[in-house]
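Visitor: I would like to learn how to read helix packing and ring pairs in a model. Could you take me through a case?

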Amino acid sequence: MMVALTGCQAVGGVDISKAMANSTTVKSGESRQSMHVNIEPAKEFATEKDNEIIELINSLSLDIDHAKVKDAQTASIEGSVSFQGTKLPFHLSMDETQMVIDLDGAQKPLYISLEALEGTETLPMMDTKALEKQIEELSPKLLSFVLKHLSNPKNISVTPVQESVNGESLSLSKLHMEITGEEILAMVKPFLTSVAQDEQGLKDLIGDLYDVFYPLMNAMSQMDEVDASGISSLMPESKEATVALMYTTIKTGLDELLVNYDQGLNELLNEVPELKTVFGTNTTFKLDFYLDSELNIRKQNAELKVALPASEDLPLQSVTVYSDSEQWNIGGPVTVDAVDTAGGVIDLMKEDITPGQMLRNFDSNSVIYQLLKDEAGITRKSVMLYPEDESFGAVTVKNTTFVPLRYLSEELDAEVKWTKGSDTIVVIDDITGNEIVLTVGSKNATVAGKEVTMVESAYVGKNGKTYVPLRFMAESLGATVDKEKETGWIFIDRP
């Protein structure tokens with residue numbers, strides 16, 4: 001909406017449509033950006049808890065100090081996320097194969113593979129590079145089609161200005177635009193009417209979409225697990241036939257929609273009166289684009305305010321998003337700042353990363369550590385045991401509740417080590433790294449190096465499983481135990 005709603009007609013000699021389409025093409029360059037949100041609570045509905053959450057969201061901001069783009073696949077970003085007066089710096093880099101994120105306080109950066117997952121079947125006879133190029137070329141075509149049929153808002157102007165971008169004073173054209181929700185709604189019918197009348201433009205767009213999606217559907221039809229007949233039935237014999245069929249379908253649908261458009265819109269607004277607030281005069285969008293002589297956007301400021309129908313379920317008056325940015329070195333040589341991975345990484349694609357392993361990667365005094373542990377609660381675990389479950393349930397012996405040691409330990413992410421031929425078992429707490437050492441047939445054990453005495457000794461049951469006193473093992477792993485008298489269910493919770 002930020003680029004489309006500026007309309008398509010030239011203003012003050014500036015070809016707005018060309019400038020907007022130009023912005024969708026990925027070019028090398030450097031930039032600086034920031035964004036934050038402001039939520040206005042509805043005083044008559046917002047509770048104290050609601051206001052606390054709103055205050056937290058309003059304190060959030062994203063600041064990108066330096067972004068570098070080499071091409072569509074290669075980039076780096078250095079910046080920070082701020083909230084409630086706390087700042088979390090980060091450094092991100094990516095290329096065709098990977099994305100790496102280094103957070104302040106981390107020993108090793110976080111790694112995400114962008115390559116095809118190992119063992120995943122790729123589409124046969126599919127040139128993925130060509131597909132990516134076609135999709136990239138489709139974006140400006142699609143935007144140009146939309147802009148072609150959109151009229152300009154009433155409040156739009158272009159004036160020459162002198163602005164500073166990355167410390168350099170530049171002569172730019174300032175495109176200023178303001179539009180309300182009411183105006184946005186009023187632009188829909190003229191837009192649809194214009195599209196319905198543009199036979200050649202619509203056919204050209206359908207043809208462009210066909211060029212992108214036909215090879216993809218054709219490749220899918222050749223996969224073993226896909227019903228090729230089902231896909232084939234959806235695909236006409238040629239591009240010309242597809243374009244003709246889709247054009248007729250879309251044209252007929254638009255004509256039918258436009259015949260009763262005003263009546264249908266009024267009925268919708270009466271059925272959903274909340275839309276009158278969202279698409280009313282209190283919803284506003286303000287945008288300043290600063291364009292150079294080549295119609296590159298060098299600087300921009302945007303403010304989008306959406307008015308909301310406040311209620312007990314939605315105690316909000318409005319949500320406003322603010323953003324600003326500036327770009328330089330557009331189309332020039334750019335060398336991205338890759339995150340250093342020489343010391344190893346934490347591979348987020350691996351499913352066996354435990355909460356403790358993740359936490360131990362960060363300084364315990366760092367912002368991200370506190371966020372993960374206290375706010376995100378990644379260490380929280382709940383386990384339910386039922387006494388009648390022979391495999392994983394609890395059993396009572398001598399008035400003591402026992403539980404399968406390996407099952408409970410692994411449910412709490414702990415590592416169990418048992419040397420073959422030995423009666424000694426070592427359980428390593430995932431969160432603290434402490435060792436719990438116990439011996440089958442003995443009440444003596446050690447927890448984090450301290451000797452303790454269990455109420456009963458661990459034993460091996462007839463099913464070959466090793467059982468250990470439930471409360472001892474749960475509390476040694478930082479969890480609490482609670483039993484529901486009525487049902488016998490046992491609840492084990494780790495904060």
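**Helix packing and ring pairs**

Guide: This is a predicted model. The crossing of H4 and H8 is right-handed.

Visitor: Which residues of H4 and H8 make the contact?

Guide: Leu 185, Val 188, Lys 189 and Leu 192 contribute from H4, and Tyr 261, Asp 262, Leu 265 and Leu 269 from H8. By class, six of the contact residues are nonpolar, none is polar and two are charged.

Visitor: At what angle do the axes of H4 and H8 cross?

Guide: Angles over 145 degrees count as roughly antiparallel. The axes of H4 (residues 181–197) and H8 (residues 261–271) cross at roughly 150° and come within 12 Å. H4 is therefore roughly antiparallel to H8.

Visitor: How many aromatic pairs does the structure hold?

Guide: There are three aromatic pairs. One of them, Tyr 386 with Trp 489, is tilted, with 4.9 Å centre to centre and 35° between the planes. Tyr 386 lies in the loop between strands E13 and E14, Trp 489 in the loop between E23 and E24, and the two are 103 residues apart.

Visitor: How are the rings of Tyr 459 and Tyr 467 arranged?

Guide: Planes under 30 degrees apart count as stacked. Tyr 459 and Tyr 467 are stacked, with 10° between the planes and 5.4 Å centre to centre. Tyr 459 is partly exposed at 25%, whereas Tyr 467 is buried at 5%. Ring pairs also link Phe 402 with Tyr 459 and Tyr 467 into a cluster.

Terms used:
Residues numbered from 1 in each chain as written. Predicted model: local features only at pLDDT ≥ 70, side-chain atom pairs only at ≥ 80, totals over all residues. Heavy atoms only, no water. Axes fitted to C-alpha atoms, helices over the stretch in contact; angles between N-to-C directions. Helix = DSSP H or I, 4+ residues; strand = E, 2+ residues; numbered from the N terminus. Parallel < 35°, antiparallel > 145°, perpendicular 65-115°, else oblique. Left-handed = near helix turned anticlockwise from the far one by under 90°. Contact = heavy atoms within 4.5 Å. Nonpolar A, V, L, I, M, F, W, Y, C, P; charged D, E, K, R; others polar. Phe/Tyr/Trp six-rings, centres within 6.5 Å; stacked < 30°, edge-to-face > 60°. Buried < 20%, exposed > 50% of the residue type's maximum accessible area, 1.4 Å probe, protein only.
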